[in-house]
Amino acid sequence: MTDRTERTEPASPTGPTDRGAGTGAPLLALDRMSVRFRMPRGPYVPAVTDVSLTLDPGECVALVGESGCGKSVLASALLGLLPENAETAGAAHLGELELLGADETELARRVRGRRAGLIPQSPAAHLTPVRTVRSQLTEVVRELTDTPRQELRAAAEAAAERAAFPADHLDRYPHELSGGLAQRAATALALVGGPPLLLADEPTTGLDRDLVERTVDELRRQVDDGHGLLMITHDLAAAERIADRVAVMYAGRIVELADAAAFFGAPGPRHPYARGLLDALPERGFTPIPGLPPELGALPPGCAFAPRCTYATAACAAVPALTAGVACHHPAPAADAVPPRQPLKQRTGEPGPPQQPESADVR
Amino acid sequence: MADPVEKTQTAARTGAETAGPDDADTTRWRTRGTGRRSVRTLRVRTSAAVVALAVLAVLVVPPLVQLDQQAVDLADKLSAPSLAHPFGTDDVGRDVLLRCVYGLRVSLLVGVVAALVATVVGTAVGALAGAVGGHVDRAVMRLVDVFASVPHLLLGIFIVALFQPGVWPVVASVGLTHWVSTCRIVRAEVLSLRGRPFVDAAVSGGASRTRVAVRHLVPGVLPQAGLAAVLMVPHAIWHESALSFLGLGLPPHQASLGAMVQGARGALLAGDWWPTLFPGLFIIIPTLAVAGLAGAWRERLNPRRRSELTL
Amino acid sequence: MTGLPLAPMARMAGRRLLYAVPVLLAVTFGVFAIAAASPFDPVKAYAGTAGFSASQEALDQLRDSLGADDPFVTRWWDWLSAAVTGDLGQSTSMRQPVSDVIGERIGWTVLLCAVAFAVAVVGGTLLGVLAARRRGGMLDRAVTSAAYALEAAPPFWLGLLAVWLFALQLDALPAGGLTDTGTDVVTFGQVAEHVALPAAVLAVSQMPWFVLYVRQGVGDALDEDPVRGARARGLAGRTVLLGHALRSGLLPVLTLIGTRVPELITGALLIETVFSWPGIAAATVEAATSVDFPLLAALTVLATAAVLAGNLLSDLLYGLADPRVGFDG
Amino acid sequence: MSAEAPPPLQLRAVTAGYDRRAPVVRDVSLTLDPGECAGLLGPSGCGKSTLARVAALLHRPDAGEVLLDGEPVRGWRHRAPRAQRTAFGVVFQQPRLAADPRLTLAALVAEPLRATGRRAEAPARTEELAALVGLTPDLLARRPHEVSDGQLQRACLARALALRPRILVCDEMTAMLDASTTAALVAAVEDYRRTSGAALLAVGHDRTLLERWCDRTVGWHELAPAVKSAPGG
Amino acid sequence: SNPDADDDSGASGGAGTAVVVGVASEPDTLSPLLGYGKDGNSKIFDGLLARNADLELRPALARALPEVTDDGTTYTYKLRDDVTFSDGEPFTAADVVFTYETILDPGTNNASKGDLAAVESVEADGDDTVVFHLKYPYAPFAERTVLPIAPEHVAGKGDVNTGAFNTEPVGTGPYVLDNWRKGEKLTFSANPGYWGGEPKVKKLTMAIIADDDVRATRLRSGDLDGAILPPNLAKTFAEDDDKQTLAATSADHRAVTLPTGNPVTGDVAIRRALDVAVDRDTMVDKLLEGRGKAAYGPVPTDSEWFAAGTERPYDPEEAERILDDAGWRVGDDGIREKDGQRASFTLYYPSGDKLRQEHALAFAGDAKKVGIEARVESGTWEVIEPRMAEDAVLAGGGNPADPDFDLYPMLYSELAGQGFNNMASYTNPDVDAALVEGRESGGKTERKRAYDRVQQELKDNPGYIFLTHIDHIYVLADTWRGLTTQIEPHEHGFGSGPWWNVESWQPAP
Ligand SMILES: Nc1ncnc2c1ncn2[C@@H]1O[C@H](COP(=O)(O)OP(=O)(O)OP(=O)(O)O)[C@@H](O)[C@H]1O
Ligand SMILES: Nc1ncnc2c1ncn2[C@@H]1O[C@H](COP(=O)(O)OP(=O)(O)OP(=O)(O)O)[C@@H](O)[C@H]1O
Ligand SMILES: [Mg+2]
Ligand SMILES: [Mg+2]
């Protein structure tokens, strides 16, 4: 694990920041960004609503949240990879370039892969099935870097090595890869262009602990080189290991934006949903948040979490604004007494005694 | 961050911003879709209208209009389009419009039925071979080779010759020879789909071979099969006229568009364009309409484009 | 570069070769059977117009000496046993040994078909990709409409139009024959010039399938996750189109290579007549309608060989192009 | 180990892979006792998914035996009797690939019921399962590409439970899911197991999770022939 | 549309000694033994006799017209002695005997050997005399001896039916075959040693272009110097200064057979009514663009054999009267009926033949006007043949050389139902007697009288409705002089046409 104090240091002069935003300006700035889907029947599906967020060079923000809350859509929207029925609003500035309104050629020629890289979720589905990993990797190296022809092969192998993709699997086709191998292939592909902004959508699924650490450390190294990383993840341990800040998303909105150390350590999360999320970890309560995930097309008028929230009051009928890093009418006070718990790091340690899941109180 | 001014500029630049119909607030929504939805809808509607019109013409005109499409009027041969003969007359003085309608009837029958036969047989055999695989696949495909090996026109000639000249032998000769390509296309696609994990899931869910084929594999190849079917319609029409070219086509009282176009070549060289042009349009326009409808249908099948389509 | 999977490919080719024997037997037998069942009369065909005034006696004598009354199974067997010794028999309709008939003409047909097919595949792929790039765009609509219209246009009609346009209006290309009508010397330049028009017409008549299938395949692939992935990686539009969408969308086209061979032969049969091309395909119809068994059988064997080779080629390519399929045919 | 009932699933010296010369899974044995919940841990790419597919009768092993309730299995995939195939409920590792893109989530969940001729009970059962895994009705009407990966994985779990299998095989079921959803789905599975007595083979990387969830966790290396005695079969 | 001056493909501008003509079909064989050139005009061969522009016989390989014995059964030909085949071998009487004997040999697959049915034997008398012995007196026999003579030393070698001689002929004719690329063209070059003098046209190419429209287009593009064209396409060249159009009158008729076995077409009233109900002049005008003549029998109206006064002018009222008188009453649907029999029959035409289709449709249209329905159907000959005894057929044919060649097979009752002879099963004892008289009596006047009788009978009881005699139209570049046409038979294009005597063409001054 890298020393946290190092992280606040300005980006190294050779870092990619000087290619993009001016000094001091954030690398990525989302301003009231929204995405919704037009459905053939029924209402719009608002997948992302009014997200405002900044990401500095040399910073890693972990985006966590319930499945289906809009994390992947947010990442896709930034690269203009949404399906045709999507509509966006607000702004997302990468340096001086506004991403949501940028035209396709601009995105294709200058942004994707070069200024913003994406590690997609479901990597296996995102590889072209009829070509080997090597050919796809070599192709990306050729297109994004100016490696001379005869060095392409070596460069591709180096890129694979960086993501811990075994060299002897390079000549395989995507359908011949295990889940973890496909994940590593996707990571390797995204890192080739050395983009200042990295959007990693669940980069650690399907990897065993050692590989998670290797991947996370590699990503962290990128961040320390001055790249900005938006890491979408369910793996809170990995998030703790890498993130500077944590953004918690619920039903399309950011409900909490906190410093990673405070979020995972003391005082812990302040939004009731975030607290529920941490409590659901197997090493903690392993209890799910009660209730069903919200239906995006039919959200309650006020706070979307209110129906599942034990603290909900009448005040929750209005949408809470994100103030002081939390969007809740009754946030847990900072430095509130959260029950003592194991640090997440222990998950990687030796197994403790087997425990029965406490499933009796699920609902 | 972005001030309102800049926002409007962005709006002007992309030009695709729309205010959502159902949101009260002032949020400006932009879409990356090219906004071609209305054009597409219009096209689908036009296609549907053309097809409906064609079918109506075919069903209604012949019984209602008691004119003899064979009526020869040598005195009035090759007269240019006029009020009396909106599409002019052919080289024995028959009314081209009337014959176009009758011809459409025969040609659509030949085209559509032959295409259906070819597509259904081809899809069934191809799906069977692809889904079962192994020895069955090999045996079936060699049988298909046998069928493919006799040139279509030759087989067509024999089939037509074995029977009285008429529509059905022609339909049979086209339908029974052309399923082979559909079959191979379907089989190849099925082979590629067969190994996908979702087929594993179906197998594990207790699906029989037939069910896997019918529910998971065939829907996956329907776009291809549908394209083959649509292409087969004009192809069948020309096949019929090729048989006429070789002297094995339909009898003259069954005007067919292909034969009309083919028969009017001499007139075309002499500068009389109408006996060629109108039947030609009668082939092409309905074909394009059918293609338009099939395209819409295929987009509907396409799991990723469904939300874009409104009829 | 990893080598091709030669061993499985060779196994597949070998298997196909073995299967070719029963296929050929079945095809020739079938052709003999339906030719015999057809109402075509070899004697009438042989007599040609002379038959209209011929006396019954003369016709009977002819029937006898042509062996037209033998049962077809006997004729098939005789043909087969002679054919395995290399004797292809005598063509009654051409009044020549079958081997001569074929030998004189086959090369020109192969040339015509090969050129046309190559043009059709390459041109079709190109146009299909262009159309798929922007589905619904002007180019797409133009190409698609043209493809459907061409599929409805009989080759002999296209042929006339092409002759009219290129030979008459533009005076750019010769209208028919293998060489200029006045010369007999077959030079490369002459043949190249003369093959252009018939090959182009044949290619154009074959192209719609390729165009539309490429368009469909590439268009669908463009909507799918792998292409999304490729775009996310920052690949140039052309690379995405050709390296990813086309690679996946090309699969049906590879299949088409096999399945279009019979259509190609059918097309050649008409084109050769229109353009006075001295090939073999035009003889096929004559062989069929005059129930010229030896010639018909030989031509069928040739067609079968072409179809089997086309299918094998397309299956091999398919196996190479789609690793999920393999070489199990 | 209970001696009275035969183990529902037993793998004996299974060797499997995609190329006979280089099998991925070598000589692996594993026994699942009635009602038992076993976790299988292993490094990425070691062959866990392959083994899971062999166990679920979807992949024919090169050597070795699979016993179902003590009976050796004779055929794989379609050659296995339907009753044997449907004894398993499988959740695949990659939901995107394991879902037919043309079906809506509702159809996806109901598919096993329809496939086994139980069309009539499909709507009710779908509703029940959707509630169990937390799928809302608007999601059920969508197709796979219109939902998030996590939502799709829930549908896949519902599909696996549709036929009330006796053995559940979950290949990294929760890798796509957040902690809360993980806990909810594990609870749902456990709920189901409690009422049905089904056995479970959970494949994963997350030792903490598996140890919390399962009666017994085995590491891949323990299945290897060198330590054959370990899995207590 | 003048061809390029430097284009050596056409004779028109450049070399001046080459001619390229486009024809519709090529022969199956070039061997006279199998029927090639049996009506003369083969470029590679000569017959004993040949015909001139007026179809009069003149000597060719024979030194003079044959001497015929009084009983009309022995024909003696004296041969020229200065003739060699193009391979240098001399031509002798043995070659003549070989040719005729081979054709008559049962093992030879020659479909027209029936033309020589009268021959009993052929013998050589020395090297320069050939004697034919006939089985019965056959007046037009000399017309048959235009048949080309094949060299025994070449043709006798291989298999007569499939041997190399079929494609590599050697003859005595004005031209030798250079090359035959089947389906494309035949090229001939002048035979320098031709006994009639070396032709001026040094190179003759016959391009095989099956499609009328393509042929017309290629002619226009300058690719061809001449071509045979249907009238409507020939018309498009009428304005061209550098093209001449030649219309060959012919004995090529189109007629509807009226089968005796059919209750409607067998009825004499129906036959006679149809005969005057058809508007032959309009057909000639519209279907043939004026290039033809109304036909009242196989004998063209301008032939010396035509029986004057047998023309039947268009007269629908007369037709209606005939029908009314015979008891054919108009029914509800406008079609006549008699004793429960509708005046309706099926008319077949061979599919793919546009001209016959048009004739059939026009005929049906005219018939309908007088209340007779002819349902037009098409079919291949295989389909039509079994139905010929029942259904009407739009037939065609004609050989101008002698009236016997058409009238006898069409009308002689014993030939009814034999192949394509007497398709209408016409039976009329008077006609039979006249036909036999015409073929066996030697004198021209007797023959003329006999054939007049036949034609008169055809007027009173027509077994066929003859519609038109068709002119064959040829369009040629205007660079040669002295182009003529013969009166042509039904079969034309390859042998007939302005190039029937290409060996005597003279370049334009
Ligand atoms: N269809 C296939 N063809 C060839 N090799 C394959 C195929 N599927 C998987 N493999 C290979 O088999 C090995 C084991 O794959 P498997 O999917 O079983 O691993 P896994 O243990 O599930 O890994 P992960 O945890 O990464 O999912 C890998 O090396 C993989 O590349
Ligand atoms: N094409 C689409 N049409 C309609 N709704 C969509 C579409 N794509 C995604 N959605 C909806 O948008 C919401 C956000 O999806 P997204 O994929 O961003 O979730 P996520 O946060 O990444 O979840 P997970 O953790 O499961 O990946 C989901 O509720 C999903 O159902
Ligand atoms: Mg996601
Ligand atoms: Mg796995």
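Before going on, a word on the model: it is predicted, local features need pLDDT of at least 70, side-chain atom pairs count only at pLDDT 80 or more, and totals for chains, interfaces and linings use all residues. Residues are numbered from 1 along each chain as its sequence is written, chains are lettered from A and ligands numbered from 1 in the order in which they are written, and side-chain values use heavy atoms, with hydrogens and water left out.

Back to chains C and B. In contact (heavy atoms within 4.5 Å) are 70 residues from chain C and 64 residues from chain B. Together they bury about 6000 Å², 68% of it on carbon and sulfur atoms; buried area is the accessible area, with a 1.4 Å probe, that two parts lose on being put together, summed over both.

Now, how many residues of chain E and of chain C take part in their contact? Chain E gives 50 residues and chain C gives 52 residues. The buried area here is about 4200 Å², and carbon and sulfur atoms give 53% of it. Chain E and chain C also have one salt bridge across their interface. The partners are Asp28(E) and Arg95(C), whose closest N and O atoms are 3.7 Å apart. On the side of chain E that touches chain C, helix 4 of chain E gives the most, with five residues; helices here are DSSP runs (H or I, at least four residues), strands are runs of E of at least two, and both are numbered from the N terminus.

Last stop, the magnesium ion, ligand 3. Which protein atoms are its donors? They are OG of Ser72(A) and OE1 of Gln121(A), 1.8 to 2.1 Å from the ion. Donors are N, O and S atoms within 2.8 Å of the metal (3.2 Å for Na, K and Ca), and water is not among the atoms, so sites may look incomplete. Ser72(A) sits in helix 2 of chain A, while Gln121(A) is in the loop between strand 6 and helix 4 of chain A, 49 residues apart. Gln121(A) is buried because its relative accessible area is 9%, and buried means under 20%, exposed over 50%, partly exposed in between, with a 1.4 Å probe and protein chains only. Ser72(A), at 23%, counts as partly exposed.

Definitions and conventions
A salt bridge is a side-chain nitrogen of Lys or Arg within 4 Å of a carboxyl oxygen of Asp or Glu.
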